[in-house]
Amino acid sequence: MKRRALWAAVLVAAMTLSGCGSAGSGSSSDSADDKLVVWDWKTGEESAASYIKQAKADFAEKHPDVKVEFVAQPFDQYYTLLGTAIQSGKGPDVMLFNGGGEIRDRTDALLPLDDYVAKDRKRLAGWEAFTAQGRVYAAPVTLQGHPVYYNKSLYKDAGLDPEEPATTWREFLDDCKAIAEKTKASCLSLGNKEGIGIQFFLSGLGPGVLTPQEYDDWIAGKRDWNSPHVRQIFELWKEAEDVGLNNDGANSTALFNDAFARFQSGEAAHIVGLMSDVGHWKDFSEFLDPDDIGVMRAPLVNSEADPALPYDGGIGYGVAEWTKKPKLAADLVRSLTSKDALKAFYADAGAVASDTTLDVSGGGQALTTIVSEIKTGKPALHVALSSKTLDLMGRLSQQILSGSTSVDDALRKLADSDQKG
Amino acid sequence: MRRVRLRVWVVAVPMAALAVATIYPLVFTANVAMKTRHDYILDRFSLTSSLFWDNIATAWTSVGLGRYFANSVIVVASAVALLLLIGSMAGFALSHLRFRGSRALFLCFLAALFIPFQVIMVPLARVMADSGLMDTYPGLILAYVAQFLPFTIFLMTSYYSGIPGEIMDAARIDGNTTYGVYRRIMLPIGRPALLSVGILNALFCWNDVLISLLMMPSPEHRTLMVGVTSLRGQYSDDIPTFASGVLIAALPVLVLYLFFQRQIADGITAGATKG
Amino acid sequence: MPLRGSPSSVRPADSGRTDKTQAGQRTRRTDPGVPAPRGISGQRAERLAPYILLAPAIAIVVAFRLVPLLMGVNFSFTGDGERDGTAVGLDNYAELFRDPLFRTALENVGLLVLLLPVAVAIPGLLATFIYLRVPGHRIHRSVYFFPAVLSPVLVGAIFNLLLAFDGPLNAALGNTGIDPVDWLGDPDIAMFTVVGVHVWATFGMALVVFLAGFSTLDATLLDAARVDGASLPQVIWHVIVPGLSRTLQFVFVTTMIGMLTSMFGLLYVMTSGGPEGATYLPEYYIWVQQGEMNRPALASAASTVLFLLMLVVGLAQIALLRRAGREH
């Protein structure tokens, strides 16, 4: 009787309390003075192991008694987790960012690094993508850009000279015609499921349309969406689909990694690719003969245009504004961008590292071409746009392809969004 | 007993086809897990020519799935046990006991069911951090219990409502208190529901990525699905390794289900005789 | 067989508890006719029993769901970015309803609600056939659950391959002379494709619940119906549906919640909300605003709208099903 009631009470109490006993360590933000926590989405990958090892060794030399903990987060959840950490002011000391919109939207949570990284400014390239309001918030690890790759063996099959790719849009169309007639491949490999195909198209082929002045204005934020040349880029986007340069079902083909796979397996002759991570020289050479991978300049649509390699800082490490050890954290960032670490990253992970002093002669012809153009390169057109405008552009580009909206209408909406952002 | 005559084959053939279709993804996954990344990119559908166990080994070792596996077992087992206990008590009270506010309470639990996790994500992290539960096993267990408790209560209440009140009355006449009725009658009778909701909860908790990521920031506390998910990088196309991880993660739930599914369908009679 | 009670006992009750008339007559705890639990403290324990049994559930739901919910709703009235932390009134809500993407997401919710009966009928019918012991029912009972244990990310990846424009499904259609369909690239079709895959991937869970529900069904009723010469549709409509009304209610509500809050993984992998934004759902919108767009307060407002929407639709469903149950 009494025992039963007691039993019930104990049971209930046990259950409500069972969760409440504490165990384990505190959250990473409360880490002790001798520990730094780093968040990224790279260190889980096997190919980044030697990079992290080098960086750790470099840091341990300067600060032997500081422990560094790398936490590899899944990329799909990365920015959401970071958002939660930022809102509660608790999180890692050092974190990885994509260059461009992702970091510029979050500078409130970051420490300006200008004073700490001054010595690295010359050695590394790609700072602009991590700069906002004139201050640097992260140090670049890789460079990310959008070279136009082509398949030389398909060129040979189509009776074209693989060493003389088209320099003008008109020639390019002729070459595409030859490829369509002689091979089964499509001229371009386009994946626009995520709405990213248009970004690559804009950055990869836009340099052949805009004059250098227009290009620089665009990057500087003076974007005239109604100018004839900007309109021309979007008209080319439509034309490419209408005259059949693209593969079928571009709106349901993922750029990552279906479109790349098409190029890799010889089903497409050209692709606007990447320089680091994936969809690049090293990735392609796993399936195609490295000598068959060519890199060409954007074909000239307007004679006044002067195409340069479009690239920016790819990924970079920044320091949290709330860290208690800014100096240590900044030193870690410097170790993560030290020459030896970046060299390991380039060699194993297939990335064009931000360090311009690295020797890349062993990386094949395509890489050599890319690296030789870094000096004259310019920031990519799409990276200058806000996340919101990019998102909208993705959707509108799909509508242009399917014919449910006009170029005019799309440009009006984009201009609207860009001005607001 | 239950044979209602039906044009058996009209139903049986499509159902068999569906059965094949439901096995296919598992077969596909196993097939992909045995391929090298290179083979996979060149041809995704063809039968693997090699048995490439390296992927499984890579998945297991490269992110330390062994440790995560243990974490998952601890957290999921505790969470499911608590869910079943608390959920069945509440379901019993809401379905068979008369008390002031019972209907309002039921509606409150129902309303809690409709709270999308996204709306409470950030505040919940704050509550956990303030109460010192962040990055602890009890914290994650409680987060799971809170997340799936409304669902569990709803199911248990529905199920117990289908049990006639006479059974409880008879037990009372035998001199049982309410607690006795719960323990001796309702728990055993509830077996099919407890088993099915237990399996579903185990599946939800086991496959969860987001709650676990938020509540357990440090790497040594990670759960299995988080580990598997991080096998996929930003652009990673190493689907074979990922598929191996998914396979490793899916097996325990599969085994659990196969073990209990007969009892879900047949359980009521067993429960009744034991009770 | 104490559980095969009278036919009336499996009839749906009209409240959250047992059938009122029965409960009223038979479970009067204060009735002196029923042997009273012993002792005064025992009596108090008996009186408090419902509350004691419910205490842990209430404590957990209040602390870890309701309190955060209120904090989250409160947060939706503050600003993002430069206006972080300041009260902005209903600005976020105004912005939401101006955003065509959010409106598309809400329209898609309407579509999902319309598709809901199909998503419930499929596992319901399958469970019925398994219960009626269709040939192979043991195997079916086992394998139908298989897709549910795979991660949505992987399921999405597999279907991406199968449904690609140049994929095997279109190739098969081509052999029968049907033009290829852009399953994931046509904005008029993509939403149905994703819902189809979601149903395929999750019907095993509803099946488990239905099977548990069937175990409370009175088999003698089925036999009686069979003796009367009822057809299968008649048996389903007049015996199984009323007998399982609570299970049905449950499956309806949880399937809706599943469709509205856990299709994220599939959407992310299969369409990224596209093509042309056609497959946006509120939860995907919330995710994008929270993460990619760095607009947590706006995301909170969207979550609050989603919560209210689900509450209204869910309660309306329960009311509807209950009325339908009474008509039987």
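Residues 68-92 of chain B are 100% helix and 0% strand. The end C-alpha atoms of this stretch lie 35 Å apart. Helices here are DSSP runs of H or I with at least four residues, strands are runs of E with at least two, and both are numbered from the N terminus. The structure is a predicted model, in which local features need pLDDT of at least 70, side-chain atom pairs count only at pLDDT 80 or more, and totals for chains, interfaces and linings use all residues. Residues are numbered from 1 along each chain as its sequence is written, while chains are lettered from A and ligands numbered from 1 in the order in which they are written.

The stretch 68-92 of chain B is among those that UniProt, in an unreviewed entry, labels "transmembrane region". The others in that record are residues 7-27, 104-125, 137-160, 193-216 and 239-260 of chain B. UniProt positions follow the numbering used here, feature names are shortened, and annotations may be inferred rather than shown by experiment. Residues 239-260 of chain B are likewise 100% helix and 0% strand. Their end C-alpha atoms are 31 Å apart.

Chain B as a whole has 13 helices and zero strands. The C-alpha trace of chain B spans about 70 × 60 × 30 Å along its principal axes. Of the 275 residues in chain B, 60% are buried. A residue is buried if 20 or more other C-beta atoms lie within 10 Å of its own, exposed if 12 or fewer, and partly exposed in between, with C-beta atoms placed from the backbone. Among contacts in chain B with a separation of 6 or more, 78% join residues 24 or more positions apart. A contact requires C-beta atoms, placed from the backbone, within 7 Å.

Chain B also meets chain C. The contact involves 99 residues of chain B and 95 residues of chain C. On the chain B side there are 74 nonpolar, 18 polar and seven charged residues. Nonpolar covers Ala, Val, Leu, Ile, Met, Phe, Trp, Tyr, Cys and Pro; charged covers Asp, Glu, Lys and Arg; the others, Gly among them, are polar.

Chain C is divided into domain 1 (39-75) and domain 2 (91-327). Such bounds come from an automatic or database domain assignment. The C-alpha centres of these two domains of chain C are separated by 32 Å.

Chain A is also assigned two domains. Domain 1 of chain A comprises 31-143 + 313-367, and domain 2 comprises 148-308 + 385-420. Their C-alpha centres lie 30 Å apart. Domain 1 of chain A gives 13 residues to the contact, and domain 2 of chain A gives 16. On the domain 1 side, β7 (142-145) and α14 (365-372) of chain A each supply two or more residues. The largest share of that side, three residues, comes from α14(A). By class, the domain 1 side has five nonpolar, seven polar and one charged residue.

Two strands of chain A were examined in turn. Strand β13 (residues 315-319) of chain A has five of its five residues buried. In a regular strand the side chains alternate between the two faces of the sheet. Both faces of β13(A) are covered, with I315(A), Y317(A) and V319(A) buried on one side and G316(A) and G318(A) on the other. Strands pair if DSSP finds at least two bridges between them. Strand β3 (residues 94-98) of chain A runs antiparallel to β13(A), joined by five bridges. In this region N98(A) stands opposite I315(A). Strand β6 (residues 138-140) of chain A is also antiparallel to β13(A), with three bridges. G316(A) is the bridge partner of P140(A).

Strand β10 (residues 268-272) of chain A is mostly covered, with five of its five residues buried. Three bridges link β10(A) to the antiparallel strand β8 (residues 148-151) of chain A. Here Y149(A) has I271(A) as its bridge partner. Strand β9 (residues 186-188) of chain A pairs with β10(A) in the parallel sense over two bridges. L188(A) is partnered by H270(A).

The model scores ipTM 0.87 and pTM 0.84. The pLDDT is the predictor's confidence in each residue, from 0 to 100. Chain A has a mean pLDDT of 88, and 92% of its residues reach 70 or more. Residues 1-31 of chain A fall below 50, with 53 contacts in the model beyond near neighbours in sequence. Chain C averages 83, and 87% of its residues score at least 70. Residues 1-37 of chain C are below 50, with 67 contacts beyond near neighbours in sequence. Where pLDDT is low, the predicted coordinates should not be read in detail.

Methods: Contact = placed C-beta atoms within 7 Å.
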